[in-house]
Amino acid sequence: MTIISAQPYDYELPEDGNIALIVIDMQRDFMELGGFGDILGNDVSLLQAIVPTLKTLLAGCRSRNLPIFHTTEGHQPDLSDCPDSKRKRGKGKLTIGDAGSLGRILILGEPGNGIIPELAPLPGEIVIPKPGKGAFYNTDLEPLLKERNVTHLLITGVTTEVCVQTTMREANDRGYECLLVEDATESYFPEFKQATLEMVRAQGGIVGWTATTDQVLQGLQTWKSASAIA
Ligand code: C5J
């Protein structure tokens, strides 16, 4: 049995399933000045801290040929998939669909919706556009995971307590064994990140596990994937 040293206890890697890396919403809308995160009044520079770590994790997962999924939060240009409640929330001067300095805010295909160049998906990696906070809501993520016999998810990205945690909870309810990578997720609110890590692994890992990038890469080194065994 191969394990990743994790909290609240060791995370067992599958013997007859596959592990996927999920990178949530590392898009300019949340990472850069002029994007949605900035317009909502957040300090976007806080999120930059995880970019080098996530790059290292991506490289490690690519070298192990893990399926890699990137998501972006965004809506159709006609906003048909954006509830009015989401548009109105915050009562800001600018909201979803309005023109900002990175194009129309949170609209698929606009410059702000693009993944930051440092973490650009490679050919063969899947980009899942998602209209909600969770990556399973109204997307093809679940059938794509099933096609690849994925049972275990390494979850990363921004923001920890919003789209990352929502996705992890959705995945947990669907039976995936989820590990949140501590130094590859970030929040505009450090205390919310910390609270999320703690609530995920509380009560015996009620939502899953947490571990660092180093711990994940060390565990993966000795893991023989089901496809490698077959
Ligand atoms: C937010 C996200 N914070 N990706 N989106 O609205 O967490």
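**Salt bridges, surface and backbone**

Analyst: To begin with, Arg28 has a relative accessible area of 25%, so Arg28 is partly exposed. The model is a predicted one.

User: Which residue forms a salt bridge with Arg28, and how far apart are the closest N and O atoms?
Analyst: The partner is Glu32. Glu32 has a relative accessibility of 23% and so counts as partly exposed. The closest N and O atoms of Glu32 and Arg28 are 2.8 Å apart.

User: How many residues apart in sequence are the parts that the pair Arg174 and Glu142 ties together?
Analyst: The side chains of Arg174 and Glu142 meet in a salt bridge, at 3.2 Å from N to O. Arg174 lies in the loop between α6 (160-173) and β9 (177-186), whereas Glu142 is in helix α5 (residues 141-147). The pair therefore ties together parts whose separation in sequence is 32 residues.

User: Is Arg174 buried, partly exposed or exposed?
Analyst: Buried would require under 20% relative accessible area, and exposed over 50%. The value for Arg174 is 38%, so the class is partly exposed.

User: Which residue forms a salt bridge with Glu147, and is Glu147 buried or exposed?
Analyst: The partner of Glu147 is Arg148, with the closest N and O atoms 3.2 Å apart. Arg148 has a relative accessible area of 31% and is partly exposed. Glu147 has a relative accessibility of 61%, so Glu147 counts as exposed.

User: Which residues gather in a patch of negative charge on the surface, and where is Glu15 placed?
Analyst: The patch consists of Asp10, Glu12, Glu15, Asp16 and Glu177. Glu15 has a relative accessible area of 56%, so Glu15 is exposed. The place of Glu15 is in the loop between β2 (11-12) and β3 (18-24).

User: Is Gly97 buried or exposed?
Analyst: Gly97 sits in the loop between α4 (84-88) and β5 (99-100). Not counting residues up to four places away in sequence, Gly97 touches Leu79, Arg104, Ile105 and Ile107. The relative accessible area of Gly97 is 10%, and the cut-off for buried is under 20%, so Gly97 is buried.

User: What distance separates the C-alpha atoms of Gly97 and Leu108?
Analyst: Gly97 and Leu108 are 11 residues apart along the chain. The separation of their C-alpha atoms is 9.9 Å.

User: What is omega for the peptide bond from Val158 to Thr159?
Analyst: Thr159 is in the loop between β8 (150-158) and α6. The bond from Val158 to Thr159 is cis, with omega near -15 degrees.

User: Is Leu106 buried or exposed, and what is its phi?
Analyst: Leu106 is found in the loop between β6 (103-104) and β7 (126-130). Its relative accessibility is 0%, so Leu106 counts as buried. Most residues other than glycine have a negative phi. Leu106 has a positive phi, near 55 degrees.

User: What is phi of Asn138, and is Asn138 buried or exposed?
Analyst: Asn138 is in the loop between β7 and α5. Phi of Asn138 is positive, near 60 degrees. The relative accessible area is 57%, so Asn138 is exposed.

User: Which residues is Asp29 in contact with, leaving aside its neighbours within four places in sequence?
Analyst: Asp29 is found in helix α1 (residues 28-31). With 2% relative accessibility, Asp29 counts as buried. Its contacts are Gly35, Phe36, Gly37, Glu73, Leu106, Gly112 and Asn113.

User: What distance separates the C-alpha atoms of Asp29 and Asn138?
Analyst: Asp29 and Asn138 are 109 residues apart along the chain. Their C-alpha atoms are separated by 20 Å.

Key:
Residues are numbered from 1 along each chain as its sequence is written. This is a predicted model: local features need pLDDT of at least 70, side-chain atom pairs count only at pLDDT 80 or more; totals for chains, interfaces and linings use all residues. Side-chain values use heavy atoms; hydrogens and water are left out. Patches are made of residues with over 30% relative accessible area and no salt bridge: like charges are joined within 9 Å, nonpolar side chains (Val, Leu, Ile, Met, Phe, Trp, Tyr) within 5 Å. Accessible areas come from the Shrake-Rupley method with a 1.4 Å probe; for residues, only the protein chains shown count as cover. A salt bridge is a side-chain nitrogen of Lys or Arg within 4 Å of a carboxyl oxygen of Asp or Glu. Lys and Arg count as positive and Asp and Glu as negative; His and the chain ends are not counted. The place of a charge is taken as NZ of Lys, CZ of Arg, CG of Asp or CD of Glu. Helices (H or I, at least four residues) and strands (E, at least two) are DSSP runs, numbered from the N terminus. Buried means under 20% relative accessible area, exposed over 50%, partly exposed in between (1.4 Å probe, protein chains only). Contact means heavy atoms within 4.5 Å.
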